[in-house]
Amino acid sequence: MASIDTTPPTLVRLESQPDNLMGSSDVAEVSDLFPGHLDGPQDEAKIPASNGLESHQREKAWDVYPYPCIGQFLFLNLTINLSPYYPTLVSRLRDENQTFLDLGCCFAQDVRKLVSDGARSENIYGADLYGEFMDLGFELFRDRKTLKSTFFPTDILNDRDLLLRGLNGEMNVVYLGLFLHHFDFETCVKVCARVTKLLKPEPGSLVMGVQVGSLMGDTKPIPIPSGGILWRHDIKSIEKVWEEVGAITGTKWKVEARLERSKGFGEKWQIEGTRRLGFEVWRL
């Protein structure tokens, strides 16, 4: 069996030039993952025209919980492949001994992206607070009979959640896509400390993700129309989160983070200075 490279690569840091940010765009279309792209027979349900289906799914998801990302159709965007670590991640997840959890997976489009690119679906898990989102993902991608990944509802803040506790110490990689910005700083530390319990206690275990970020991190939660909050980290504040996680858990972590311009992040209607924050955090 080929060895798996889990050492943190050298990634580009951007905080020294905050006004000259990477102009990245969403580099892949989720429509590439619609029926016909994945291998194997698809579910036989009759599917409406693509645009109508997408709008219908958004309305159903909005009724579950009116997240801004649902209103923006961001469940039709792929984010995990924007990480500079993504090619190595796919190679890593082709190994039968490597496991992956998408925490806060929503429609689990990034799970489908990984599987489409060759990751072993049997070793991939997806979890979200709202199980309805995962069901809507099966309806959208028509792969309930073919996708071998495991999905379950969970509450990261519930220490008694037996489904999540069952994965403690089992994951090589945990992905947090559009997830951490729902928590204020103190709760974010608590959440990340909980996430570390899911990882195998060994060097190279990885937490990676993307969220709404800022050129200058927030100092208090920003209310959003859905009734929740938005907390925009900058690079220094996300590093501070993991410093505190390390102090709490007695572990050490290497943080790499980037602020990027992208569709839906930093447009005129959003708060000034908003950017997409991508990050990879390795256990040392």
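The model is predicted, so local features need pLDDT of at least 70 and side-chain atom pairs count only at pLDDT 80 or more, while totals for chains, interfaces and linings use all residues. Residues are numbered from 1 along each chain as its sequence is written, and side-chain values use heavy atoms, leaving out hydrogens and water.

A pair of aromatic rings is described by the distance of the centres and the angle of the planes. Rings of Phe, Tyr and Trp (its six-membered ring) pair if their centres lie within 6.5 Å; planes under 30 degrees apart are stacked, over 60 edge-to-face, and the rest tilted.

| Pair | Centre to centre | Angle between planes | Type |
|---|---|---|---|
| Tyr67 and Tyr130 | 6.3 Å | 65° | edge-to-face |
| Trp242 and Trp253 | 5.1 Å | 55° | tilted |

Tyr67 lies in the loop between helix H1 (50-64) and helix H2 (68-71), and Tyr130 in the loop between strand S2 (124-128) and helix H5 (131-141), so their pair ties together parts 63 residues apart in sequence. Helices (H or I, at least four residues) and strands (E, at least two) are DSSP runs, numbered from the N terminus. Tyr67 and Tyr130 also belong to one aromatic cluster with Phe107 and Phe133.

Trp242 sits in helix H8 (residues 235-249) and Trp253 in strand S8 (residues 253-260), 11 residues apart.

Buried or exposed: which is Tyr67? Tyr67 is buried, at 16% relative accessibility. Buried means under 20% relative accessible area, exposed over 50%, and partly exposed in between (1.4 Å probe, protein chains only). Trp242 is buried at 3%, and Trp253 is buried at 12%.
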